[in-house]
Amino acid sequence: MLARKLIINQSIQSLCRNMLKLNIQQQTNRTAAFLLSNSSSRRPKRLCSTIVPALGNRYFSTPSATKSLMEFFDDSKNWIENEVKVGRAWKLDELRIKSNKELHQLWYILLKERNMLLTMEHECNDQMELFPSPERLDKVKISMNNLETVVRERNKAYHLLETGETGERPQRLISNCLGLRRIYRSSEHVLPPYMNVKWIKSRSIGYGGRAVRKFLLLYREKLYNEKRKAKNRARNEVMMLLRRNPNIDRNILHSKYPNVNIDKMVSDDKTRGHYLPKIEG
């Protein structure tokens, strides 16, 4: 009885395959005949696509090649130049007023420009030539980062409106084996955490011991010294500016040096310099 059922199932499956192949063959024949009739009647100067046989009776359409590999290289007139005049990077305010379609188009334009610049940089290094205006790469990268920021803002606003969540990957601060804090972004796994032994072993690395505590002490001391030196450097710069220009605008100093107490520096003796103020009387 079981063997009979298996034979019936195999015969049904083979019949379905034959019917599917017959339908596909009929549809491809009708499509090819329609395209051939249109191409023969209109006689265009340049075909937009070509029907190529593949996999027996199936066909697929391939667009005609309109570009060459020279798209990966800059314009030939810029090869001998030492400097190429280009614009600035895209700002966030300019990208926020663009539509999603325009941002999508701009992303591929920037991607194509980045590929071209990277190709030219690699070729110039191989030929031991000077790469003209290397700051173009930085401008493209800044534009792409700003575009990603705008898209992330829109996705976050949409998910907050629809679901009440940001829609981004959850993240948290964790400590590595040296005790340094870093951001860990969660990702999906096939197995749950309690069954994924490899994941548990990789995340159960703690920090401790005399050597790690000494490293953290010296590292925090280094960070504190850098912060202290930066604060003293900014204070000395404000002091020299006030000494040379007593009538300088205080608002400009507040905006440029927000961590310095400008009012206290004005009344400091070191700010007045080595001269006697004029006494009106």
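In which helix does Glu-153 lie? In this predicted model, Glu-153 belongs to helix α4, which covers residues 135–162. Because its relative accessibility is 35%, and the partly exposed class falls between the buried limit of under 20% and the exposed limit of over 50%, Glu-153 counts as partly exposed. Although Glu-153 and Arg-96 are separated by 57 residues in sequence, their C-alpha atoms are 9.4 Å apart in space.

From this one residue we can turn to the chain that holds it. The secondary structure comprises nine helices and four strands, and along the sequence these elements follow the pattern α-β-β-α-α-α-β-β-α-α-α-α-α. Of the 281 residues in the chain, 15% are buried, while the accessible surface comes to about 23900 Å², with 56% of that area belonging to carbon and sulfur atoms. When contacts between residues at least 6 apart in sequence are considered, 51% of them join residues at least 24 apart.

The interior comes next. In soluble globular proteins, nonpolar side chains tend to be buried together. Here the largest nonpolar core has 14 residues, and those with the most contacts inside it are Leu-95, Leu-110, Leu-117 and Leu-147. Helices α3 (100–127) and α4 each supply at least two residues of this core, and α3 gives the most, with seven residues. Once neighbours within four places in sequence are left aside, the residues in contact with Leu-95 include Trp-90, Leu-103, Leu-106, Leu-147, Val-150 and Arg-154. Apart from this core lies another, made of nine residues, among them Ala-234, Val-238, Leu-242 and Tyr-257.

Methods. Residues numbered from 1 in each chain as written. Predicted model: local features only at pLDDT ≥ 70, side-chain atom pairs only at ≥ 80, totals over all residues. Heavy atoms only, no water. Buried < 20%, exposed > 50% of the residue type's maximum accessible area, 1.4 Å probe, protein only. Contact = heavy atoms within 4.5 Å. Areas by Shrake-Rupley, 256 points an atom, 1.4 Å probe, with all protein chains shown as cover. Core = buried A, V, L, I, M, F, W, Y, C linked by side-chain atoms within 4.5 Å.
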